[in-house]
Amino acid sequence: MPESQLSDPSRSRAVLIGTDRYTHPLLDDLPAVRNNLERLGELLRDTEAWGLAPERCEVLARPSRQQMLNTLYDAAAEATDTVLLYYAGHGLVHPRSGELHLTLPGSDPDRPHTAVRYEELRSILLSPAGGRPSARRKVVVLDCCWSGLALGGMNAGDLAPATAVHGAYVLTATAATRQALAVPGETYTAFTGELIDVIGAGVANGPALLSMTALYEEVAQALTAKGRPLPRQTHSDHAGRICLFRNRGGRERREGSAGGAVRTAVADRPGRIAAAPPASERPPGKQPPDEPRPVERRPSSPELVPVPPDAPVVRLGRYPVTHAQFREFLCDPANACWLPEEARAAGRYVDDGYLRGWHGPEFPVGRGGHPVVGVSADAARAYADWAGRRLGTALRLPTAREWERAARAGRDGEWWHEEIAAGRVNFRGSLGELAPVGEFPPNPYAIGDLLGNVWDICLDDAGSPVLRGGAYDTPVTRLRERLSPRSPAECRGNAGFRCAGVPVRCDDKA
């Protein structure tokens with residue numbers, strides 16, 4: 001399809017589905033979803049954007065299963081040009097099949113059959129029953145946790161020959177291993193908010209029409225700049241060229257037209273990180289190969305953050321100490337006793353799990369920016385002493401109370417629910433494998449990986465090592481556990497550490 005051709009609104013249909021309220025206590029209400037539906041519906045019907053007739057744009061808020069399936073069936077069968085499916089709400093993953101399920105108001109996370117399998121919707125889009133033809137072009141937009149699981153389901157091999165020419169396009173809020181983000185107090189969810197912004201304002205100096213790929217690139221750039229979960233896309237043949245929207249800020253439109261404020265084109269935004277390449281070009285959950293690893297932009301010594309920011313009582317490492325940072329420690333001849341073979345042979349300060357996979361001062365390939373694991377409390381103390389001497393300031397391990405203060409970030413109650421909902425936690429239910437520091441967004445104090453990725457080695461009031469925060473392989477229900485190593489020499493493959501600076505003032509109340 002030529003990029004200059006707008007999908008014909010008179011022969012297209014859209015179905016917008018969202019669930020903003022839930023009866024199950026484990027599924028938080030998502031008030032922003034209602035706003036998503038209302039504003040997207042307005043834009044789809046707006047003749048300045050696409051121009052669907054109201055009867056061709058169905059908006060289903062809190063639908064039943066049958067209502068969802070029947071409405072999509074009718075839309076897919078009646079549209080002869082393009083059918084658009086949008087969903088926002090909680091996403092669930094079936095514990096055995098790994099399939100994506102889209103929740104309804106009465107869905108129960110422990111009973112997947114109470115949600116709708118994405119496969120059911122996909123099948124309707126590809127081939128409505130009864131011999132009725134389906135739309136030639138399909139566009140799916142999913143704003144829910146784990147939505148990237150849908151990326152493998154609409155490829156060219158799934159399409160009948162008659163539809164394979166134009167194919168199908170799928171845009172998801174996150175990778176298959178990541179949670180979507182709905183920030184409390186914001187009008188829209190993070191992903192859909194940026195999508196609405198691009199459609200509503202347009203892109204200055206851009207083309208007259210916005211292709212789906214162009215929309216993806218704009219949204220990905222905006223989310224990257226804010227440190228939020230990145231969207232993913234996949235499409236068959238030339239489906240990325242499907243155009244559903246006119247560009248209100250295009251070259252053929254004047255500044256200040258009816259479209260309102262105009263966004264600056266991607267190429268005209270200096271200092272912004274380039275948008276991530278399509279998911280089809282890299283494994284889900286991984287950083288794009290052409291984007292520098294966060295650790296490469298950080299100093300080799302620990303970077304300390306004041307806690308709390310306005311009246312600091314301690315300075316805490318922004319991230320856990322990485323493999324690359326710990327290697328510098330091992331390469332200092334004064335620390336030869338901490339090389340893996342030597343330290344394990346001595347057997348006093350570490351156990352056999354110490355730096356498993358290392359060979360001398362060399363860590364496994366590709367792990368430089370990952371938190372160092374397999375270290376004991378004594379090894380962590382030795383590193384902190386050494387790094388402090390390099391920085392000219394005393395460093396040590398944080399206390400458990402200091403860790404708690406930083407993790408709470410001034411919040412009361414069950415603050416960890418906010419961290420999980422914001423997609424900041426690497427645990428068994430999200431990425432589920434050791435990730436580089438900075439892969440997950442930091443907390444409100446700008447400190448990363450306090451929950452998840454690796455357990456933090458801290459000290460209790462008596463100076464004994466304790467573990468806080470959970471790790472990449474920790475179930476969500478155990479992230480707040482308080483563990484103690486079996487001995488100061490224990491080296492766990494999922495535990496690391498960060499440094500703390502001497503308190504700025506003598507107030508160490510939690």
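Q: Which elements each supply at least two residues of the lining of the second largest cavity?
A: In this predicted model, α1, β3 (82-88), α5 (190-201), α6 (212-225) and β11 each do so. The residues that line this cavity include Leu40, Leu44, Leu244 and Phe245, and its volume is about 100 Å³.

Q: What makes the lining of the second largest cavity nonpolar, by class?
A: The class counts are 12 nonpolar, no polar and no charged residues. Leu, Ile, Val, Met, Phe and Tyr are among the residue types that count as nonpolar, and the lining includes Leu16, Ile199, Val141, Met212, Phe245 and Tyr86.

Q: Why is the pair of tryptophan 50 and phenylalanine 245 called edge-to-face?
A: Centres within 6.5 Å make a pair, and planes over 60 degrees apart make it edge-to-face. Tryptophan 50 and phenylalanine 245 are both buried.

Q: How do you know that phenylalanine 326 and phenylalanine 497 are an edge-to-face pair?
A: Their ring centres are 6.4 Å apart, which is within 6.5 Å, and their planes meet at 80°, which is over 60 degrees. Phenylalanine 326 lies in helix α7 (residues 323-331) and phenylalanine 497 in the loop between β17 (495-496) and β18 (500-501), so the pair ties together parts 171 residues apart in sequence.

Q: Why is phenylalanine 326 called buried?
A: Its relative accessible area is 0%, and buried means under 20%. Phenylalanine 497 also has a value of 0% and is therefore buried.

Q: Why does the contact of aspartate 461 with arginine 401 count as a salt bridge?
A: The closest N and O atoms are 3.6 Å apart, and the rule asks for a distance within 4 Å, so the contact qualifies. Aspartate 461 lies in the loop between β15 (455-459) and β16 (465-468), and arginine 401 in helix α10 (residues 400-408).

Q: What makes aspartate 461 exposed and arginine 401 partly exposed?
A: Aspartate 461 has a relative accessible area of 71%, over the 50% that exposed requires. Arginine 401, at 37%, falls between 20% and 50% and so counts as partly exposed.

How values were computed
Residues are numbered from 1 along each chain as its sequence is written. This is a predicted model: local features need pLDDT of at least 70, side-chain atom pairs count only at pLDDT 80 or more; totals for chains, interfaces and linings use all residues. Side-chain values use heavy atoms; hydrogens and water are left out. Buried means under 20% relative accessible area, exposed over 50%, partly exposed in between (1.4 Å probe, protein chains only). Rings of Phe, Tyr and Trp (its six-membered ring) pair if their centres lie within 6.5 Å; planes under 30 degrees apart count as stacked, over 60 as edge-to-face and the rest as tilted. Helices (H or I, at least four residues) and strands (E, at least two) are DSSP runs, numbered from the N terminus. On a 1 Å grid over the protein atoms alone, a cavity is a set of points where a 1.4 Å probe fits but cannot get out, and a pocket is an open set with protein on both sides within 12 Å along at least five of seven lines; lining residues have an atom within 4 Å of a point. Grid points are joined across faces, edges and corners, and a volume is the space filled by probe spheres set on the points. A salt bridge is a side-chain nitrogen of Lys or Arg within 4 Å of a carboxyl oxygen of Asp or Glu.
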